[in-house]
Amino acid sequence: MLEYTTIINNDYHYVINSIVQNFPCISIILSFLSGIFCAALKSKGAKKLCFFNLTVGFALSLATLIYCLKVGDYYIYMMGHFPAPFGNEIRVGVLEALMATSFTLVMMLSLMGGLKHIYHDVLPDKQEYYFLMMTLLYTSLIALIYTNDLFTAYVFVEINTLTACAIVMLKHSKETLVATARYLMMSLLGSGLFLIGISILYDITGHLLMSNIKEGVQNLVATGRYTFPLEMIICLFAIGLGIKSALYPFHSWLPDAHGQSTSASSAVLSGLVLKGYIILLIKLVYRVFGFNVINNSKVLNILFVFGILAMTIGSIKAINERDLKKMIAYSSVAQIGYIYMGIGLGNELGMVAACLQILVHAFTKPMLFNTAGAFMDTANGSRKFKDLKGAARKNMYAGIAFAVGAFSMIGIPLFGGFVVKYNLAIAALNNPSKAVIALLALIISTVLNAIYYVPALMVLFKKDDSTKKIVVIPDKKDLGFIISNGIFIICNFILGIMSSYFIKLIIDGLKVFS
Amino acid sequence: MIYVQYILILFLLVCAISVCVTNNLLVSLIIFTAYSLVMSVIWLFLESPDLAITEAAVGAGVTSILFFITLKKVGKMTDKEDSDE
Amino acid sequence: MNKIFKSLNDFVNGVQDEKENVHLKHKNKKHHEKVLTERIEDIVESGENKGFNKFYNVIAILLACVIIACMIYTVSFLPSFGDPTNPANNEVVQAYIENGIRDTGAVNFVAGMILNYRAFDTLGESTVLFIAATTVIILLFKHKTKEEEKAEQLEEAKYEDKHDLILRHGALIVVPATLVFGVYVLFNGHLSPGGGFSGGTIMGAALILYNSAFGDNSTKTFFNYGIHKVIKISALSFYALSQLYSFITGANLIESIIPNGIAGNLISSGLILPLNICVGFEVACTMFGFYSLFDREEI
Amino acid sequence: MVSRLFTNYYETVSIIIFGIGFVTLLLNRNIIKKIIGFNFMDTAIYLFLASKGYITGRIAPILLEKLGDTNLAGYQAGTAVPNVQNYINPVPSGLVLTGIVVSVSFTAFFLALAVRLYREYKTLDMHEIISIMNREENKE
């Protein structure tokens with residue numbers, strides 16, 4: 001750790017020796033500013049500003065990642081003139097920088113891939129607001145990744161919720177309003193539970209900063225005081241964030257919200273927004289309670305069971321679904337289940353696998369949603385499988401990308417999804433009490449994944465004999481779409497083939513994470 | 001003074017329960033407004049004047065106005081449908 | 001059953017109406033049939049659901065009881081109310097009170113805390129308000145052509161004199177007082193209770209009262225969508241920029257050039273006063289914007 | 001346990017209101033009722049937080065000269081400090097202030113959504129809206 005002292009009196013020694021350390025803060029405030037200015041611009045200008053901001057953000061977070069790798073340690077950055085229990089601070093390490101970089105990339109690519117649909121689905125006089133919401137969503141995501149203060153995390157969770165609801169709602173149709181209302185309701189329940197958890201935690205530890213809370217919690221556990229409230233707080237956090245990240249019994253809002261919205265929104269929602277909350281949960285596990293405290297509580301078992309239920313029941317629901325986008329949305333439920341199972345295994349390897357799954361899913365699902373949008377173009381906007389027969393033949397680029405995504409989700413070697421399943425299996429073997437169930441669930445879920453993705457591929461690649469009239473002629477040479485899917489495919493292969501490098505990165509990151 | 005606090009707190013509880021029970025939207029909104037106002041008084045008792053002034057302006061003021069305009073918009077102000085026929 | 005009869009009655013009425021419009025006979029009949037069948041479906045459904053509804057209510061009460069019981073059990077373990085030795089009253093609180101005036105220059109420690117020590121949270125908070133205003137604009141704002149606007153203004157002018165007399169005369173007294181009080185609360189945020197948010201809301205409430213008493217046209221002379229946008233964007237961007245400055249100087253240990261002034265004076269406490277003013281104007285605009293969007297779908 | 005609940009009466013009541021609000025938000029069918037429930041839930045949490053900051057016999061965290069804290073220049077120069085024993089905890093107030101803004105934003109958003117939903121579906125009943133939506137979807 002870099003030199004950092006906390007002294008109550010005004011003797012603040014704090015050494016910042018490098019310009020790079022300012023980059024996370026600059027990227028957060030910069031995206032705030034560009035989000036605000038988007039309101040003053042027209043659609044085209046807002047788009048340019050949004051992409052400019054994402055590009056700059058990508059460069060800044062990449063630089064931060066390289067710096068962190070070089071130093072091999074985390075650093076703490078004061079947000080203001082006062083060090084942390086008094087002021088705000090952000091904390092940057094390898095894992096955070098890695099997540100921020102990949103999230104920026106995913107967001108840029110999914111916006112690029114779905115740009116045509118945004119112009120089609122959103123009313124022309126409201127398009128600038130779409131980019132405004134995206135920019136502020138991005139702000140809240142990176143702030144959630146970097147922040148080291150629970151209440152700041154709460155504020156940014158709320159920004160995240162509000163913007164996520166807004167990007168669902170911006171598609172001009174009746175159904176999205178209903179989907180937004182359900183999504184908003186569930187999110188509010190989640191935030192309420194999260195906030196009351198924070199209040200009780202503040203009451204018994206007296207701090208809001210994650211590192212100080214951890215000290216307090218370790219003290220309380222050592223002296224054996226407040227055991228029931230602590231258990232309750234962990235429950236509240238887990239349920240609150242579980243609702244927001246669509247853990248199985250609380251997933252009811254997800255298929256509608258992800259299925260009805262425009263493809264870029266679905267891509268960002270399932271690829272990034274859900275992951276933001278899960279990263280916050282991992283942060284809570286490591287930084288607020290400490291791994292051993294969480295491990296001793298029963299909450300991990302509950303998360304484990306819910307994760308396994310999500311993996312199987314989400315897949316079964318996806319099999320029954322006759323709607324392409326909703327099928328992919330249910331597949332998201334199943335994939336979120338993998339993450340929770342990894343966390344629930346309660347060992348380091350499981351956590352590594354969960355982090356890897358966050359990355360793999362973030363690079364795969366947006367591609368699937370964007371290609372689904374492209375398929376819908378060939379069938380006059382219908383999402384039903386019966387209309388989508390042979391859609392992949394009409395748009396070969398989308399077909400290839402969808403196939404890659406599907407193979408990755410099923411878990412075929414060489415693709416990212418396989419690595420996750422392999423690592424989850426190893427992690428499960430390290431935890432004898434849960435090994436049998438976890439392995440069984442992995443096998444069943446893989447089979448179920450194959451059961452719905454393979455027929456979907458077969459339908460999409462089937463020769464279409466019927467001579468339906470196509471009203472909207474699909475634009476096959478949509479350059480942004482092709483480039484974004486190309487990069488997604490390459491990232492998927494990189495994650496699949498060079499996985500050992502990423503696993504090493506994540507292990508390094510988790511070491512300095514707590 | 002402590003008994004005043006007890007009474008106010010009890011009032012909050014009664015408000016919360018009665019909003020759940022009543023079927024009339026207008027009535028429940030009026031109860032909500034009263035609840036907000038009492039909440040701001042309670043915050044004065046808790047020595048947080050910043051919160052009291054904010055809650056009085058927001059909860060009993062603007063939020064209630066928004067609720068009432070919404071009711072006007074959806075035509076439930078006169079309450080034709082909800083009342084028992 | 002009553003409801004079925006009522007809907008049948010409605011249907012018959014509809015048919016009678018229809019006889020008067022001979023031209024649309026066929027179309028309308030079909031429409032009415034559809035409505036009737038759907039209605040009956042609804043009623044049947046709700047009849048079936050009656051048992052289910054009761055079940056639902058029971059579940060609701062049970063769920064509420066379980067949640068409340070768990071949490072109350074938690075509360076019984078928590079530190080006592082009003083005890084000075086609670087864990088929450090620790091060195092952080094001590095530092096806020098002892099060093100507050102020296103560090104921030106604000107006599108109101110809460111204002112000093114939220115606008116100087118923990119300014120990042122507050123930046124997020126005002127952004128939440130900004131986003132909410134934007135979502136309401138997305139949902140309810142209607143772009144009107146110039147002709148529509150003119151027609152509406154004429155319509156408004158007809159009723160201009162018919163606004164309630166008591167309301168107008170009352171507003172003449174109350175609006176300036178409220179406005180002045182709002183400005184006072186806003187500008188004294190660092191000296192007394194209040195601050196940007198509450199002051200802004202009070203000012204917004206005064207604007208709302210003015211609007212409902214004197215009508216749309218008189219408000220439009222000094223406040224319209226363009227001004228609303230400009231105030232919001234400039235206030236928030238000033239906020240973000242000043243925070244960027246303060247974060248970067250703070251983290252790099254550079255002394256801030258903004259003086260704290262003499263504590264207790266109106267113009268003191270560094271950035272807190274300008275930030276309060278920014279937040280206040282943004283909030284006033286947003287609150288009035290909410291009202292006018294809900295009421296007339298424009299600003 | 002019951003005596004503890006009576007000592008913490010603010011917390012107890014706020015938790016009860018929280019439960020009521022939570023269930024109203026989750027299970028009430030009317031959207032406006034849902035929003036009122038959400039407001040109850042949030043204000044209950046804020047009451048809980050604010051009661052955490054209260055200390056018996058102390059006053060609001062705004063410097064008052066009548067309590068003997070008169071040396072303003074000294075406090076600013078750092079040569080003297082105000083008496084901590086006079087004031088309650090300012091942190092919860094600040095947090096609640098932030099929270100109130102968040103909840104009013106969500107209320108406005110949800111209400112606007114309710115107005116739009118009513119315009120499209122002519123009802124405020126969430127179940128009815130969903131069943132109408134499903135019916136329309138199946139027709140297509």
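Of the 5 pairs of chains in contact, the pair that shares the most contacts is chains C and D. This is a predicted model, so please hear everything that follows as a description of a prediction.

I will stay with that pair for a moment. On one side there are 50 residues of chain C, and on the other there are 49 residues of chain D. Which helices of chain C supply at least two residues each to the side that touches chain D? They are helix H2 (25-75), helix H3 (91-104), helix H4 (109-117), helix H5 (119-140) and helix H10 (272-296). Among these, H5(C) gives the most, with 10 residues. By residue type, the side of chain C that touches chain D divides into 34 nonpolar, 11 polar and 5 charged.

Chain D also touches chain B. That contact takes 32 residues from chain D and 30 residues from chain B. On the chain D side, the elements giving two or more residues are helix H2 (9-27), helix H3 (31-53) and helix H5 (90-121). The largest share, 11 residues, comes from H5(D). This side of chain D is made up of 24 nonpolar, 6 polar and 2 charged residues.

Chains A and B, on the other hand, do not touch. Their nearest C-alpha atoms are 16 Å apart.

Now chain D by itself. How spread out is chain D? Its radius of gyration is 23 Å, while the globule rule gives 14 Å for 140 residues, so chain D is more spread out than a compact globule. Along its principal axes, the C-alpha trace spans about 80 × 40 × 20 Å. Even so, 61% of the 140 residues of chain D count as buried. Among the contacts in chain D with a separation of 6 or more, 60% are between residues 24 or more positions apart.

Next, the core. The largest nonpolar core has 359 residues. The members that touch the most others are Ile167(A), Met341(A), Leu356(A), Phe375(A), Val136(C), Leu113(D) and Ala114(D). Domain 1 (2-75) and domain 2 (108-296) of chain C both give residues to this core, so the core lies between them. To take one member, which residues does Leu356(A) contact, leaving aside its neighbours within four places in sequence? The list is Val419(A), Val420(A), Asn423(A), Phe502(A), Ile503(A) and Ile506(A).

Two residues of chain A have a backbone angle to point out. Most residues other than glycine have a negative phi. Ala246(A) is not a glycine, yet has a positive phi of about 60°. Ala246(A) sits in the loop between helix H9 (227-244) and helix H10 (254-260) of chain A. Leu414(A), also not a glycine, has a positive phi of about 85°, and its place is in the loop between helix H17 (396-410) and helix H18 (416-429) of chain A. Are these residues buried or partly exposed? Ala246(A) is buried, because 28 other C-beta atoms lie within 10 Å. Leu414(A) has 13 C-beta neighbours inside 10 Å, so Leu414(A) counts as partly exposed.

Last, confidence. The mean pLDDT of chain A is 86, and 94% of its residues reach 70 or more. Over residues 1-16 of chain A, however, the pLDDT is below 50. Beyond near neighbours in sequence, that stretch has 21 contacts in the model. Where pLDDT is low, the predicted coordinates should not be read in detail.

Key. Residues are numbered from 1 along each chain as its sequence is written. Chains are lettered from A and ligands numbered from 1 in the order in which they are written. This is a predicted model: local features need pLDDT of at least 70, side-chain atom pairs count only at pLDDT 80 or more; totals for chains, interfaces and linings use all residues. Two residues are in contact if their C-beta atoms, placed from the backbone, lie within 7 Å. Helices (H or I, at least four residues) and strands (E, at least two) are DSSP runs, numbered from the N terminus. Ala, Val, Leu, Ile, Met, Phe, Trp, Tyr, Cys and Pro count as nonpolar, Asp, Glu, Lys and Arg as charged, and the others, Gly among them, as polar. The radius of gyration is taken over C-alpha atoms; the globule rule is 2.2 Å times the number of residues to the power 0.38. A residue is buried if 20 or more other C-beta atoms lie within 10 Å of its own, exposed if 12 or fewer, and partly exposed in between; C-beta atoms are placed from the backbone. pLDDT is the predictor's confidence in each residue, from 0 to 100. A nonpolar core is a set of buried Ala, Val, Leu, Ile, Met, Phe, Trp, Tyr and Cys residues joined through C-beta atoms within 7 Å. Domain bounds come from an automatic or database domain assignment.
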